[in-house]
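Please keep the sequence and the model open while reading.

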Amino acid sequence: IDTKRVSEITGIRMDIRETETRQSLTVVRKPNTISRYLPTESITFGNSDAYGPVFIPTEGEVIGVAEDGTPGLVLLKKTGWTSVYSSCPIMSASLLRAIAEQAGICIPNPKEGDVTFVGDRLVCIHSITGGIRTLNLPSRTGEVIELFTGKKYKIKNGRAVVNIPPRWTSLFLHP
């Protein structure tokens, strides 16, 4: 356990807490941070298992805090890259999506609650609620085809508006 090595890998200076503690983090939505992408005002993630030692970041923008008030999720911008460190190994899908959105990664299905899998040219969505979805695709134009029904949807400016029935899995193929 070497704080210097963790700091070299993450680019963030670290301290260490030697004692075992339950690690869960709370993130509160704030403007101009990655938390602004969260679907709710705050989220708490982690588990009830105690573990340790834990690395504690000593620099960077604090996005989430541990139960004891120490920084647990931080973001540090460097020249040409950004480092995000979480002391909690279990992150929510909402938070991972927020980090991806902040990094400029295309989120094919931004609808909270849908289960989405993405491959090279495939987007698979399982939706309990169903309804209209706007798919964000790397293709600027063309058509996306729902493979189970054969229905085609136009892609305009990298987006396709599709309709998914409730309790349904759709498999979309795009150019």
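## The largest pocket

What volume does the largest pocket have? The largest pocket has a volume of about 290 Å³, where a pocket is an open set of points on a 1 Å grid over the protein atoms alone at which a 1.4 Å probe fits, with protein on both sides within 12 Å along at least five of seven lines. Grid points are joined across faces, edges and corners, and the volume is the space filled by probe spheres set on the points. The lining comprises 14 residues, and closest to the centre of the pocket are Arg97, Ile107, Asn109, Asp114 and Thr116; a lining residue has an atom within 4 Å of a point.

Two or more residues of the lining come from each of α2 (93-102) and β8 (115-118), and α2 contributes the most, with four residues. Helices (H or I, at least four residues) and strands (E, at least two) are DSSP runs numbered from the N terminus.

The model is predicted, with local features needing pLDDT of at least 70 and side-chain atom pairs counting only at pLDDT 80 or more, whereas totals for chains, interfaces and linings use all residues. Residues are numbered from 1 along each chain as its sequence is written, and side-chain values use heavy atoms, with hydrogens and water left out.

## Helix α1

At the start of α1, a side-chain oxygen of Asp2 comes to within 3.0 Å of the backbone nitrogen of Lys4. After α1 comes Gly11, with a positive phi near 80°.

Asn136, in strand β10 (residues 131-136), is buried, with a relative accessible area of 16%. The side chain of Asn136 reaches the backbone oxygen of Ile107 at 2.8 Å. Not counting residues up to four places away in sequence, Asn136 touches Cys106, Ile107, Pro108, Pro110, Gly158 and Arg159.

Arg36 sits in the loop between β2 (21-28) and β3 (42-51), and with 38% relative accessibility Arg36 counts as partly exposed.

Conventions:
Buried < 20%, exposed > 50% of the residue type's maximum accessible area, 1.4 Å probe, protein only. Polar contact = N/O pair within 3.5 Å; in protein donor to acceptor, adjacent residues only side chain to side chain. Contact = heavy atoms within 4.5 Å.
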